[in-house]
Amino acid sequence: MDRSPATGAGHDEHAAGCACPRTADLDGDGIAASSRRTFLQRASALGAGAAGATGLLGAAPAYASDGNGNAAAGGADDDPYGRTTMEPAARGKWSPDPDNPRFTVVVMPDTQYMFDQDRIHPVPVEASFRYVLDPKGRAGGNDPNIVFLAHLGDVTNNGLAEEFTAATKAFGMLDRAGASYAVLAGNHDVHGDDQRGGTPYLDTFSVARARKRPSYHASSPDGYNTAHIFRAGGRKWMLLALDWRLSDAGFAWANAVIADNPTLPVIVTTHEIVGSYDDGTAGLSGYGQQMWDRLIKDNDQIFLTLNGHYWPPGSTVMKNTAGHDVHLHITNYQDRYYGGAGMIRSYRFDLDRGRIDVATFSPWIRELAAKKQMNALASQELELTSSVDYFSMEIDFDERFSGFAPIPPRKPRPARRMLLPGTLAYWRFDEGGSGTDVADGTVVKDRTGNGNDLVLRTVPGTSAHALVRTDDHHPDQPGHGSLVFAGQGNPVSGSYLQTIDRAPINRETFARGYTFEAFFKVPADWDGGRNGWSSMLSRVGTAAQAGKNGPGSTAEEPILTLGLSSSIELQWNAYPLNQDGATTAWSHLLQKEEWWHVAVVNDGRISKLYVNGCEEGRNPTSTAIGLTALDMPFLLGGYQWNGKIDQVFHGSIGDVRITNRALSPAQFMNA
């Protein structure tokens, strides 16, 4: 790219109200320079100093690395990848974790000033490639799991064979390491559309070369467009590297390769789609509008597009035909010090957090800083932290991809599969019609067959529909049903369940350990004043009745409670056999209208609280052996104070399981 919109219509289209940015490419669709003579004429006009920029690298061009991070000059040889004897092979270095939910796609825009005839300065590019390939180097940049590198075109400035001879040596570093990467042609590499025939670009980045990459999937017949499939975050992703200008055949090929892989999320990379405005937003160029209309908007799989060409960086979000967001980004730094200094952009995917964090920096300048060789101008390019260079994108990946790759709901699991050794009680609520009340006289059977059945209890004066069956459930819950408790305190009302008087579990002391598990959700109208300090599971009997009067004891409270504070923190409050006071564990603040799984685990000595299989940080470290029992019922959804019902749960409770031993998170019901 240079400095004007390269839309095929030049300045006239922009003057007529084109949505593209004011920056543009003066060369239009044409190649930047057609001959060395043209280059030398321009260099002569600028003066000898401009033609042989020395800068930080010195006067001698450096074509390749010697393997130790040092620049080494070298000429072309017969190796199709342009390897030199000074660059040892690096096979086996490329080993990203394909299942880690955190991974990085690295983007490298316009490197044309690094490969500009006799101004050959590939060392910044090589430093970026070292960063991509070297796990030690990546650790300092928060990119320990780079899965792909995408170059956005304008590899060279003039599209000349001698420029590609230098470029191929640098890219050979990626080839020898077996890296997954894509290159595409920009307007400084080629001219016309993808039916142009042979070029030095295609001689260098041929189909045969692309096929050697582990991510390679397909090429268009002309060779200028490639499709790559890589595995990351436990799923497959497609990246399309598309030519500077697609022909009708190119558009047909791109649409077909997406259609042939209908469940893969797609990232589109090409040299031009959007350019930026002064406020950091972006808009489609004239050609970008063609890309949108003929490829992007009707392919819901495309969620992100990346292009170079224009500067400064910017982004926009557009709705596709399916009504989903497509993020369109322009990134290019050739206008900055040292021709962009091999700047790269990291797209750090975090599938667990539902975010892509974006960072922009120069690995080469980082190396200079480490060697204390960084000058004042380079220091400004070490890391770019403006809002257009350092930002986050929030994406609910499951929801965004649901139209073409829906996650099938987990099937219910039979109750017998949940009966691990040591299971004392297991209650689930997947029988009966959804929306029906739990009627008086209902008995909820203990699925273990141990006789720890539940019966209904209702606070006098409670309104109808206080306890209702529903099909709603945690997505990882074994039974596909739950109970909706419409209870409250102050004043107390509602219905709850309790174990029958003769239930064996009523007298269980759990001296060798235990695991209590439950699924639950609180609704949007949950109120801390009305519903706080309620309980999903508790045990009848007070601390005073149990003779517990030591430090941390409260005479009126139950001897066991698994409940919620007024600010929706889980609290496990229980009186062990070996203590005169209570032992308490807490969770972080939980959100409304979300299903949660809670587990309290005791190994015979220490109690730990887990939320969604994750250990909480507010667990007690004091020894807690067993649980005090008074041979009184467990309550599901009910809570007593001083021996009387004081609060009834407000929300949904799903499967509940109690075992007489410590389970690991891999054995929890949500595992």
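Begin by selecting T423 and L420: a polar atom of the T423 side chain lies 2.6 Å from the backbone oxygen of L420. That is a polar contact, meaning a pair of N or O atoms within 3.5 Å; within protein, one must be able to donate a hydrogen and the other to accept it, and residues adjacent in sequence count only if both atoms are side-chain atoms.

Before moving on, a word on what you are viewing: this is a predicted model, where local features need pLDDT of at least 70, side-chain atom pairs count only at pLDDT 80 or more, and totals for chains, interfaces and linings use all residues. Residues are numbered from 1 along each chain as its sequence is written, and side-chain values use heavy atoms, with hydrogens and water left out.

Stay with T423, which belongs to strand 21. Helices (H or I, at least four residues) and strands (E, at least two) are DSSP runs, numbered from the N terminus. Is T423 buried or exposed? With a relative accessible area of 10%, T423 is buried; the term means under 20%, while exposed means over 50% and partly exposed lies in between (1.4 Å probe, protein chains only). Leaving out residues up to four places away in sequence, T423 touches M418, T448, N450, R657, I658 and T659, where contact means heavy atoms within 4.5 Å.

Next, select R428, in the loop between strand 21 (423-427) and strand 22. R428 counts as buried, at 6% relative accessibility. Its side chain makes a polar contact of 3.0 Å with the side chain of D430, and also reaches the backbone oxygen of P478 at 3.4 Å. Beyond its neighbours within four places in sequence, R428 is in contact with several residues, including R413, V444, R447 and D655.

Now colour the sheet. Which order do the 8 strands of this open sheet follow? The order is 22-23-26-35-28-29-30-31, with antiparallel pairing; two strands pair if DSSP finds at least two bridges between them. At the edges are strand 22 (443-444) and strand 31 (583-589), each pairing on one side only. Zoom in on strand 23 (residues 454-458), which pairs with strand 26 in the antiparallel sense over 5 bridges. There, L454 stands opposite T499 of strand 26.

For a pair of helices, select helix 4 (residues 123-133) and helix 11 (residues 363-370), whose axes come within 7 Å and cross at roughly 90°. Axes are lines fitted to C-alpha atoms, for helices over the stretch in contact, and angles run from 0 to 180 degrees between N-to-C directions. Among the residues making the contact are V123 and Y131 of helix 4 and W364 and E367 of helix 11.

Finish with some backbone details. The peptide bond from W311 to P312 is cis, with omega near -5°, and P312 sits in the loop between strand 14 (302-307) and strand 15 (314-319). Another cis bond joins N490 and P491, with omega about 0°. Then pick W533, a residue other than glycine with a positive phi, near 60°. W533 is partly exposed, at 44% relative accessibility, and lies in the loop between helix 14 (528-531) and strand 28 (534-542).
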